[in-house]
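Student: Could we go through this model together, question by question? I would like each answer to end on the value or name I ask for.

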Amino acid sequence: MSPLEQANGHAANLYWLAFLLTGRREASVDIAVEALDSPDGNPFFSAWMLAWSRKVVIAKALAAIRQELAASARRMATVRRRRCAPSPRKWALRPDTTKVQLERALLAIDVFPRCVLLLSIFEGLSIDDATVLLDGDRDLVRKAQVYAIEELTRNLAGIERPASPANSSSGPMLEPSLA
């Protein structure tokens, strides 16, 4: 893969992360462009710059939906408390799950638990770090994580799967990583 193709792939991944966090296509484009804006105009990024770009995308995406997050957190607080089992250490998607299916299943989850899931499971942040980024209560974030994992599992189970991964134009998603 050429450096230009890699840079385009990184930009697409940053856009998708912003979209999954915000649920807004236009805002996600702006967020990704701002995160990728290089002072010297160089479109090629080192691993360090790419890691910081992901952090910028997360911060900007959460800032763009701060009111929605707060409203969703209030809704989450009213959800009957479930027994909060430890999060799975090795959670994985089925090999035949496509990016489009994953996107649909994630966007069907209310914004606060969805963001908790994306930050803690897909981005690998600790519950404490996700709590700080979401400006929430640790117990509520933990509860939202369990809720979101259950919702994602239910949503993915309800999605009709193609006869074989070869029939899908979106390609398979093999692991829960947005990178």
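**Burial, packing and pairing**

Tutor: Let's start with A105, which is buried, with a relative accessible area of 1%; buried means under 20%, exposed over 50% and partly exposed in between, using a 1.4 Å probe and protein chains only. Keep in mind that this is a predicted model, where local features need pLDDT of at least 70, side-chain atom pairs count only at pLDDT 80 or more, and totals for chains, interfaces and linings use all residues. Residues are numbered from 1 along each chain as its sequence is written, and side-chain values use heavy atoms, with hydrogens and water left out.

Student: Leaving aside neighbours within four places in sequence, which residues is A105 in contact with?

Tutor: A105 belongs to helix α5, residues 99-107; helices (H or I, at least four residues) and strands (E, at least two) are DSSP runs numbered from the N terminus. A contact means heavy atoms within 4.5 Å. With the neighbours within four places set aside, the partners of A105 are L152, N155, L156 and I159.

Student: Which helices do the buried residues of α5 pack against?

Tutor: Good one! The buried residues of α5 are Q101, L102, E103, A105 and L106. They pack against α1, α2, α6 and α8.

Student: What is the N to O distance in the salt bridge of R54 and E123?

Tutor: Here R54 is buried, with a relative accessible area of 12%, while E123 is partly exposed at 22%. The side chains of R54 and E123 meet with an N to O distance of 2.5 Å.

Student: What is the angle between the planes of Y15 and F19?

Tutor: Rings of Phe, Tyr and Trp (its six-membered ring) pair if their centres lie within 6.5 Å; planes under 30 degrees apart count as stacked, over 60 as edge-to-face and the rest as tilted. Y15 and F19 both lie in helix α1, residues 3-22, and are 4 residues apart, about one turn of the helix. Their pair is stacked, with centres 6.2 Å apart and planes at 10°.

Student: Where is the pLDDT below 50?

Tutor: pLDDT is the predictor's confidence in each residue, from 0 to 100. The protein averages 81, and 76% of the residues score at least 70. The stretch below 50 has 39 contacts in the model beyond near neighbours in sequence, and it covers residues 164-179.

How values were computed
Salt bridge = Lys/Arg side-chain N within 4 Å of Asp/Glu carboxyl O.
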